[in-house]
Amino acid sequence: MTIDSTIWATTSFHVNPTIVHKVHALWKSLVPDISETYAYANPSAELTFQALPAPPRKGDAPNSLGFAPDDTPEKDMVFLQIVFTFDGAEATEGLEKGLKDLIEVVEELTQDEGVYHPYKYLNFAAWFQDPLRSYGKEQKKKLKEVARKYDPKGVFQKQVSGGFKLL
């Protein structure tokens with residue numbers, strides 16, 4: 001049987017000596033129950049830790065992702081991606097809830113550990129996340145200004161399906 005549905009979400013945090021192991025242990029403890037609940041859909045779960053690249057550094061202004069010129073996420077941050085792949089659409093709503101709950105629990109853990117970072121990698125963000133907000137108020141405002149300048153009719157904001165919208 002082929003897998004025909006995939007859902008995912010993301011979060012970011014600073015690395016310390018124990019957090020990656022704690023996140024992995026949390027994932028291992030919660031995913032089996034989620035998978036068992038939706039066993040009829042043959043779910044498969046993935047957990048990916050990925051390093052962030054260095055943000056562009058030009059002058060003293062933050063880049064469009066909201067990282068300050070002296071931020072070094074490439075040295076001490078990761079973004080996490082949690083993925084569920086499964087058969088059929090019947091399990092989508094339940095697995096999306098499970099995914100959302102997993103992200104919330106991971107973010108609670110990283111907040112408790114003092115390593116949480118609000119950045120959400122746009123390509124891995126779920127429908128319930130707001131990656132553009134994670135860039136910071138000032139950067140989101142600048143991105144809106146650019147969108148209004150170069151797309152004054154809002155073609156990409158109104159007529160292109162999917163994605164996260166600025167306006």
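User: In what order do the strands of the open sheet lie?

Analyst: The open sheet has four strands, with antiparallel pairing. Strands (E, at least two residues) and helices (H or I, at least four) are DSSP runs numbered from the N terminus, and two strands pair if DSSP finds at least two bridges between them. The order is β2-β3-β1-β4.

User: Which are the edge strands?

Analyst: An edge strand here pairs on one side only. That applies to β2 (44-51) and β4.

User: What pLDDT does a side-chain atom pair need to count in this model?

Analyst: Residues are numbered from 1 along each chain as its sequence is written, and side-chain values use heavy atoms, without hydrogens or water. The model is predicted: totals for chains, interfaces and linings use all residues, local features need pLDDT of at least 70, and side-chain atom pairs need pLDDT 80 or more.

User: Which residue of β4 is the bridge partner of S12?

Analyst: β1 and β4 run antiparallel and are joined by two bridges. In β4, the partner of S12 is H117.

User: What angle does the direction of α3 make with that of β1?

Analyst: α3 packs on the sheet and touches β1, β3 and β4, where contact means heavy atoms within 4.5 Å. Axes are lines fitted to C-alpha atoms, for helices over the stretch in contact, and angles run from 0 to 180 degrees between N-to-C directions. For α3 and β1 the angle is about 5 degrees.

User: How far from the C-alpha atom of F79 is that of L52?

Analyst: F79 is in strand β3 and is buried, at 2% relative accessibility. Leaving aside neighbours within four places in sequence, its contacts include T10, F49, L52, Y121 and F124. F79 and L52 are 27 residues apart along the chain, and their C-alpha atoms are separated by 6.8 Å.

User: How many aromatic pairs are there?

Analyst: Rings of Phe, Tyr and Trp (its six-membered ring) pair if their centres lie within 6.5 Å; planes under 30 degrees apart count as stacked, over 60 as edge-to-face and the rest as tilted. By this rule the count is eight.

User: Why does the pair of Y119 and Y135 count as stacked?

Analyst: Y119 is buried at 5% relative accessibility, and Y135 is buried at 7%. Their ring centres are 6.2 Å apart and the planes are at 20 degrees, so the pair is stacked.

User: Is N42 buried or partly exposed?

Analyst: N42 lies in the loop between α1 and β2. Its phi is near 50 degrees, a positive value in a residue other than glycine. Because its relative accessible area is 43%, N42 is partly exposed.

How values were computed:
Buried means under 20% relative accessible area, exposed over 50%, partly exposed in between (1.4 Å probe, protein chains only).
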